[in-house]
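Good morning. Please have a look at it before I start.

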Amino acid sequence: MLLLLTLLLSFTGYLLPWDQLALWAVTVGTNMMGYTPVFGNDVKFALLGSKEIGNDTLLRWYVLHVLLLPFVIVIFMAVHFWRVRKDGGISGPL
Ligand code: HEM
């Protein structure tokens, strides 16, 4: 889950510079999502906030990147640190 959330943070963050590289990377990424059977087009529309990339996309991905995903990852990080401490840490004797 932490790896998946980190990858999602990387992808959503990549749009934020709002340059040509970001615009086309997100266009390609969301087009690929659109090909998922049954709900692919709905997911694509929800993520773009429109039929194609635009201002709504930037706002949505900004909120995902700085609010929603960090909130979720902090919960999983807390569980992770708790587990590490519970099992005796990572630097015990071999
Ligand atoms: C594991 C955590 C995170 C990862 C992997 C990540 C990844 C990224 C990446 C790859 C970019 C694009 C940078 C670029 O190409 O210039 C970016 C931009 C950005 N990130 Fe994150 N991010 C993380 C956490 C956060 C958090 C917690 C915040 C704020 C609460 C944040 C705020 C921003 C902002 C404002 C930008 C746009 C500024 C820029 O493009 O330099 N990020 N992030």
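**The ligand and the helices**

In the shell around the ligand, H1 gives the most, with 5 residues. Keep in mind that this is a predicted model. Helix H1 covers 2-15, and both H1 and H4 supply at least two residues each to that shell.

Who is in the shell? The ligand is surrounded by Thr6, Leu9, Ser10, Gly13, Tyr14, Leu16, Pro17, His65, Val66 and Pro70. Sorted by class, that shell holds 6 nonpolar and 4 polar residues, and no charged ones.

Next, the iron atom of the ligand. Which residue is its only protein donor? That is His65, through NE2, at 2.0 Å. His65 sits in helix H4, which covers residues 55-86. There is also a polar side-chain atom of His65 at 2.7 Å from a nitrogen atom of the ligand.

Staying with H4, let us see what packs against it. Helix H3, residues 40-48, packs with H4 at an angle of about 90°, and their axes are 7 Å apart. Angles of 65 to 115 degrees count as roughly perpendicular, so H3 is roughly perpendicular to H4. On the H3 side, the contact is made by Phe45, Ala46, Leu47 and Leu48, and on the H4 side by Asp56, Thr57, Arg60, Trp61 and Leu64. By class, this contact of H3 with H4 has 6 nonpolar residues, 1 polar and 2 charged.

H3 has another partner, H2. At what angle do H2 and H3 cross? The answer is roughly 150°, with the axes coming within 7 Å. Anything over 145 degrees counts as roughly antiparallel, and H2 and H3 are therefore roughly antiparallel to each other. From H2, the residues Thr30, Asn31, Met33 and Gly34 meet Gly40, Asn41, Val43, Lys44, Leu47 and Leu48 of H3. This contact of H2 with H3 has 4 nonpolar, 5 polar and 1 charged residues. Note that Leu47 and Leu48 are listed in the contact with H4 and again in the contact with H2.

Which backbone oxygen does the side chain of Thr27 reach? It is the one of Leu23, at 2.7 Å. Thr27 and Leu15 are 12 residues apart along the chain, and their C-alpha atoms are separated by 9.9 Å.

To recap: His65 of H4 is the only protein donor of the iron atom, while H3 is roughly perpendicular to H4 and roughly antiparallel to H2. Thank you.

Terms used. Residues are numbered from 1 along each chain as its sequence is written. This is a predicted model: local features need pLDDT of at least 70, side-chain atom pairs count only at pLDDT 80 or more; totals for chains, interfaces and linings use all residues. Side-chain values use heavy atoms; hydrogens and water are left out. Donors are N, O and S atoms within 2.8 Å of the metal (3.2 Å for Na, K and Ca); water is not among the atoms, so sites may look incomplete. Helices (H or I, at least four residues) and strands (E, at least two) are DSSP runs, numbered from the N terminus. A residue is near a molecule or strand if one of its heavy atoms lies within 4 Å of it. A polar contact is a pair of N or O atoms within 3.5 Å; within protein, one must be able to donate a hydrogen and the other to accept it, and residues adjacent in sequence count only if both atoms are side-chain atoms. Ala, Val, Leu, Ile, Met, Phe, Trp, Tyr, Cys and Pro count as nonpolar, Asp, Glu, Lys and Arg as charged, and the others, Gly among them, as polar. Axes are lines fitted to C-alpha atoms, for helices over the stretch in contact, and angles run from 0 to 180 degrees between N-to-C directions. Angles under 35 degrees count as roughly parallel, over 145 as roughly antiparallel, 65 to 115 as roughly perpendicular and the rest as oblique. Contact means heavy atoms within 4.5 Å.
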